[in-house]
Structure formats: C-alpha cells, structure tokens
Amino acid sequence: MLRRLKAAAAPLVKRGLSDVAEISGMYRLAARRSGGVGVILMLHRVVPAGRPNVYGRYMIDDVALDRLLHHTRRLGWEIVSLDEVRRRLVEGDFRGRFACFTSDDGYRDNLEVALPIFRKHGAPLTLSICTGVLDRSLFYWWGGLEELVLTREQIEYSPPGEPGTRTLWARTWQEKCRAYDLLDDLCHATGAAPARDLFERYNIDPYALLDRDALTVEQARQVAADPLVTIGAHGVTHERLCRLGDEEARREIVDGRRLLEERLGVAVRHLAYPFGNVDACGPREFAMAEEAGFEMALTTRQGNLRPEHRDALWSLPRRVVPDGLMGLRNALSGFEDVLLRRAGFPVPE
Ligand SMILES: [Zn+2]
C-alpha cells in the first residue's frame, strides 16, 4: 500500500510540482492550509544504506533517517514525543510547529540501526510493538513475499477466483519490485491466503524470517529502557481490526497492551492500529481504544495535525516517513495532500 502511494505520487513529483511549489511560495500557502500545527511521521524498517528495498517507503536507510531528523529541525519543526503531542493538543499549545516520529511493528533494525540515529540527534521515538512479533506467532507474509521475489526469478501464483495459475517474472530488479507490489496488493485485499499457498509451494518459512527481522523480548526491553523511547501497543496478531467481531477486536486492543506491559515492564498508554487505514479501523475501533483507556491512538490516514484533533485523540492521522528533503517539505507543509489528491487518494479534510 505504501509503495502504491509512492508510485502514484512519484510522476507528479517528477513533473516538477514540488519545484514549482518551492519557487512560487506554494509551500507556505500549503502550510497555512494543510500544514496544521504538526505532523506524526511513521517508520517501519530502518536498514543500512545499500540493502535492497522492494517495499518503498516502508523501509528507509540510515543515511536517509539521519538527514530527515537533521532537516526537520533545520526547517523549524521541533521534534517531540507522543506524550508532548497530546499535551500540546489538549492544552492548545501551538506556539511552534512540531514533528513526532513513530515506528510500527517491532523490528530488530529499530534497535540496531534507528535508535543510534535518534540518540545522536537526541530525538524522541515512539515504537508501537505487536506482541505477535515478540512471540514469533505473527504470520509475517510481507517478509515472506520479500524473500520470495528476492530469491526467485519465476513465480507461479493462483489469482483468487480464477482457474489455473499465472506466471510472475522476477528476473530484473524492476520485475522483482512489480511482483512484490502485485502480491502485496493481493494480500492486503484478500487476506494472507495467497501468501500461505506461495510459501508452501516455494518452501519459504515466514516464521524463520520473522525471527531474523524482529526484536526479541530482551531487545524490546533494551529499547523501552531508553529515555527517548515511548512504547505503544500494536495489537496481538496484526489483523485488520475492522474485519474482526466485537469481542475479537477488543481482545486485540486490550491484550495487545496487557501482554506488552507484562513482557516489557513498562506502562503502555498509546495505540497504533495495525494497517491503520479505512479498511482496518473506524469509529468502532476508535471507541474501543478510548474505552480501553488509551490516551491516544494513531491511524495511517495521511494528514497533518490541526487544533481540532484534540477532539479526535483516538483517530489521529500520520504521514508515511518522507523520501528525501523534497518529500519532507511536502509532508511538513501539507503539500503532500495536494499530490495525493491529484493522484486520486482520499485525504482527510
Ligand atoms: Zn504494523
């Protein structure tokens, strides 16, 4: 999904809209209209530069993260913790614009690669951990699909509802990225069944890959012990809550926090909804998060924060971590909304 966002916005960026924005002062206009008071940015994987990346902005490298933190401050945005975001929203303290960095799921590279960069900048980070990641029980289909396209050149898959199989080529880097996008879209739309079939056919073990990529409980404790870090909940199984019955969805929200607090020995006050988009969480889940006693809950709806969000603390928008300085300016100023609207994506008003 994140890759599709990027792919859709890329041609517009290439056509020079951002250059025009820079020259004409549209950044300032966009910042007035859509920039709001601040922005919550969302990371997932942070890897050493040079590692292959089929995921798009779901994975960024250490050099890019270092620059993002540097430029966020240089452009005049203060980097604050999630608790400070809440304080500013609730108290209406909007003297300066702010950015808050969050990271979801609980990857090992968040400790080994991302945290040293946050420490270098003295910048706070919120890490929302899915307990199925720590317990190695999560079905890590996105990691399995990555392994599949990186290690195979020809993939036979069965499109749901259609007879027979189709061939996906993954010989060149372009073909690998295209194959990943197609299979990723398929799993987002229909659930993980196509991935299960593929992993069986091609002998891919997503649990071994999860063990390679995910934090252990001990490592998560190390991250949680850092004074720069706030720990958030992120469910138990990483299922889309909207697709679950009331009881099951509530269990994901409540147990996701309880298990995390038990394993890490820290208080968990915030939630990030797994997947977080309109097909993953809505009014029912927002009410459940509030009832469960979370102080705030984060979606993946793309947008900046405005003063009105003090009345929507359980459905806060975020932005996918931007790509480069131009992307950062687009995100901070809200100009990204112009790009997304032009690419036909819904943007919260
Ligand atoms: Zn997640």
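Reader: Which helix is His 121 in?
Author: His 121 sits in helix α6. Bear in mind that this is a predicted model.

Reader: Is His 121 buried or exposed?
Author: Buried, at a relative accessible area of 17%. The cut-off for buried is under 20%.

Reader: What is His 121 in contact with, leaving aside neighbours within four places in sequence?
Author: Asp 66, Leu 69, His 70 and Arg 73.

Reader: And Asn 110, where does that lie?
Author: Also helix α6. Asn 110 is buried, with a relative accessible area of 2%.

Reader: Which side chain does the side chain of Asn 110 make a polar contact with?
Author: That of Asp 109, at 2.9 Å.

Reader: What else is Asn 110 in contact with, beyond four places in sequence?
Author: His 44, Arg 45 and Val 46 are on the list. Ser 103, Leu 115 and Leu 127 complete it.

Reader: Switching to the metal. What coordinates the zinc ion?
Author: Asp 105 through OD, plus His 234 and His 238, each through NE2. The distances run from 2.0 to 2.1 Å.

Reader: How are the donor residues spaced in sequence?
Author: As D-x128-H-x3-H.

Reader: Are His 234 and His 238 buried or exposed?
Author: His 234 is buried, with a relative accessible area of 1%. His 238 is buried too, at 6%.

Reader: Now the packing. Which residues touch the most other members of the largest nonpolar core?
Author: Val 85, Ile 129, Ile 231, Tyr 273 and Phe 294. That core has 43 residues. Helix α13, residues 246-264, gives the most to it, with four residues.

Reader: Take Val 85. What does it touch, not counting residues up to four places away in sequence?
Author: Ile 40, Val 80, Phe 98, Cys 100, Met 296 and Leu 305.

Reader: On to helix α11. Which of its residues are buried?
Author: Pro 206, Leu 209, Leu 210 and Asp 213, in a helix spanning 206-213. They cover an arc of only 105° around the axis, so they lie on the same side of α11.

Reader: What happens at the start of α11?
Author: Asp 205 has a side-chain oxygen within 3.0 Å of the backbone nitrogen of Tyr 207.

Reader: Which residues of helix α15 are buried?
Author: In α15 (residues 324-333), they are Gly 327, Leu 328, Asn 330, Ala 331, Leu 332 and Ser 333. Just after α15 comes Gly 334, with a positive phi of about 85°.

Reader: Zooming out. How many helices and strands does the protein chain have?
Author: 16 helices and 12 strands. The chain has 349 residues, and 56% of them count as buried.

Reader: What share of the contacts with a separation of 6 or more comes from residues 24 or more positions apart?
Author: 73% in the protein chain.

Reader: Last topic, confidence. What is the mean pLDDT of the protein chain?
Author: The mean is 90, and 89% of the residues reach 70 or more.

Reader: Where does pLDDT stay under 50?
Author: Over residues 11-15. The model has six contacts beyond four places in sequence for that stretch.

Conventions:
Residues are numbered from 1 along each chain as its sequence is written. This is a predicted model: local features need pLDDT of at least 70, side-chain atom pairs count only at pLDDT 80 or more; totals for chains, interfaces and linings use all residues. Side-chain values use heavy atoms; hydrogens and water are left out. Donors are N, O and S atoms within 2.8 Å of the metal (3.2 Å for Na, K and Ca); water is not among the atoms, so sites may look incomplete. Buried means under 20% relative accessible area, exposed over 50%, partly exposed in between (1.4 Å probe, protein chains only). A nonpolar core is a set of buried Ala, Val, Leu, Ile, Met, Phe, Trp, Tyr and Cys residues joined through side-chain atoms within 4.5 Å. Helices (H or I, at least four residues) and strands (E, at least two) are DSSP runs, numbered from the N terminus. Contact means heavy atoms within 4.5 Å. The arc is that of the directions from the helix axis to the C-beta atoms. A polar contact is a pair of N or O atoms within 3.5 Å; within protein, one must be able to donate a hydrogen and the other to accept it, and residues adjacent in sequence count only if both atoms are side-chain atoms. pLDDT is the predictor's confidence in each residue, from 0 to 100.
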